[in-house]
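Hello,

Please find the structure you asked about below. My notes follow it.

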Amino acid sequence: MPIPGLTIIGERINPGFRSTQALFDDEDFAGIQALAVRQAQAGASYLNVNAGTKALKDPHFMVEVVRAIQAVVDLPLSLDCPDFAVLKTVLEAYDAAKAKGMKPVINSISESRWELAELMKVRPCKAILMSSEQERDGRIVPNRTGEEVHEVAKRKVKRLLAGGYAEGPDDFFVDVSIATLAADTEGLIKMALEGIRLVGADPDMAGVHVMGGLSNLPQHLPAKAADGSDLKYHLECAFLTVAMPLGFDTVLGTPWRDYRLLPDDNFVLREFRRIVELRESDALMAVVDLYQEP
Amino acid sequence: MSDPVETIKEWVIKGKKNEAVAATRDALAAGTDPGSIMKDGLIAAMSVVGQKYSSGEFFLPQMMIAARAMTEVIPVLKPHLVGEAAESRGKAVIGTVQGDFHDIGKNIVRMMLEGAGYEVVDLGVDVPADKFVETVRREAPQFVLMSALITLTMESMRRTIAALEAAGLRSVVKIGVGGAPLTHKFAAEIGADFYSEDAYGCVQRCNDYIAA
């Protein structure tokens with residue numbers, strides 16, 4: 001059962017996943033197509049496509065990947081590549097008719113890669129706006145507070161709408177960047193949650209989507225929580241449980257992961273709520289309590 | 001736990017910084033050899049933690065807490081160290097290469113090196129080649145250690161090595177590289193001296209070079 005109101009961008013077509021890396025190494029297009037179909041059947045609304053370094057060495061490789069995927073699924077694609085020329089070629093090859101007329105998504109526009117915004121003029125697009133960093137005095141610095149996340153997201157949306165780059169707020173996904181809990185001594189997850197809350201509550205940003213990728217969150221942790229439950233899965237669900245009421249509505253994730261909202265008395269959710277308020281060694285100690293039996 | 005050095009070691013392994021600092025003060029007051037606290041207490045503790053982490057018994061938060069406990073003890077101990085015990089084992093400059101903002105792996109290596117008695121100059125993330133060059137010139141380290149977590153930024157490692165070469169500094173340092181997408185083959189191709197799959201391996205390679 002999918003969570004009502006949660007849009008899933010399928011994350012699996014990315015060589016960062018070892019099994020997918022093998023498909024790219026072998027140029028196994030049938031395998032990539034099967035992965036696309038599996039994600040679509042599991043409930044994805046979009047599919048993210050990251051073709052790794054091969055895409056940079058040969059722009060046509062990513063075009064081939066996109067064509068192969070569009071031949072078997074009718075979902076819009078999120079095109080995940082930092083290179084302007086490659087993305088331009090891929091956007092020109094993208095066939096909206098094969099995605100029920102839905103626009104492709106550019107993943108992603110950040111203040112360090114602002115030139116990618118020009119791609120929204122190649123054809124109508126949606127865009128993921130990376131909001132965890134900003135340009136200050138010509139340097140890219142990471143954001144440290146929810147206020148900064150909100151401010152950066154807001155100024156990007158304003159600038160793109162004013163410049164005629166998009167049709168409306170529905171074309172934007174604000175990506176808040178969800179940090180790794182096991183190493184979060186500085187409250188970065190709290191920053192993301194605050195950013196979600198501020199964007200979600202801002203009437204000027206009504207209709208803008210708020211998203212994040214969940215794969216970093218449970219990294220460097222064991223499989224089981226202290227209560228014996230699946231720690232990584234429950235942490236991802238705990239994040240959604242806390243973030244969705246604040247305005248988080250789109251996840252870059254694995255569609256067959258069966259995300260669900262957790263009841264208030266769930267052990268991992270309870271601990272997660274407590275940990276995100278802590279800093280430094282206190283936060284780390286609390287994370288250890290999450291998986292180590294007392 | 002009557003042996004004071006053993007007590008300090010246990011507190012550091014458990015990551016109890018207040019207890020570790022108190023035990024160190026007590027041990028010093030009771031006349032315990034500061035060099036032994038360093039070697040058999042702190043360095044031994046971090047070696048245990050590193051092994052437990054490598055074997056999968058410990059996870060990242062435990063390693064970080066232990067490293068923080070050790071970091072708290074060092075300033076208490078340092079003024080008492082004399083002679084050989086006061087010297088660092090070697091010096092390393094470490095950083096995540098330009099374009100890459102991942103710092104977890106780099107931080108693990110830094111903690112393990114500090115735990116093994118090395119002095120570490122941490123340049124942080126997104127470090128341009130010229131920053132490595134400038135730091136090597138200023139700090140004269142034995143090692144330059146670079147991390148990259150995305151395939152797209154691995155090329156920054158090649159550029160950094162080329163920049164050290166161009167600055168005439170390549171031969172004065174041993175260069176180690178690491179990160180999930182890396183391989184021995186890539187390390188050899190860009191002219192690094194070594195690649196390590198994990199932080200523990202990296203410390204061992206540094207130890208080998210120091211001993212040679």
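Predicted model: local features only at pLDDT ≥ 70, side-chain atom pairs only at ≥ 80, totals over all residues.

Residues are numbered from 1 along each chain as its sequence is written, while chains are lettered from A and ligands numbered from 1 in the order in which they are written.

Chain A

Chain A has 10 helices and 10 strands; helices (H or I, at least four residues) and strands (E, at least two) are DSSP runs, numbered from the N terminus. The radius of gyration of chain A is 19 Å, which agrees with the value near 19 Å for a compact globule of 294 residues. That radius is taken over C-alpha atoms, and the globule rule is 2.2 Å times the number of residues to the power 0.38. Along the principal axes, the C-alpha trace of chain A spans about 55 × 45 × 35 Å.

Of the 294 residues in chain A, 47% are buried. Here buried means 20 or more other C-beta atoms within 10 Å of the residue's own, exposed means 12 or fewer, and partly exposed lies in between, with C-beta atoms placed from the backbone. Glu115(A) sits in the loop between β4 (105-109) and β5 (126-130) of chain A, and counts as exposed because it has 9 C-beta neighbours inside 10 Å.

Contact between the chains

Chain A contributes 14 residues and chain B 11 residues, a contact being two residues whose C-beta atoms, placed from the backbone, lie within 7 Å. On the chain A side, α10(A) gives the largest share, 5 residues. That side divides into 9 nonpolar, 5 polar and no charged residues. Nonpolar covers Ala, Val, Leu, Ile, Met, Phe, Trp, Tyr, Cys and Pro, charged covers Asp, Glu, Lys and Arg, and the others, Gly among them, are polar.

The sheet in chain B

An open sheet of 5 strands in chain B has the order β2-β1-β3-β4-β5, with parallel pairing; two strands pair if DSSP finds at least two bridges between them. β2 (119-122) and β5 (194-195) of chain B are at the edges, each with a single partner strand, so one side of each has no neighbour in the sheet. Strands β3 (residues 143-147) and β4 (residues 174-178) of chain B are joined by 5 bridges, and Met146(B) has Val177(B) as its bridge partner in β4(B).

Regards
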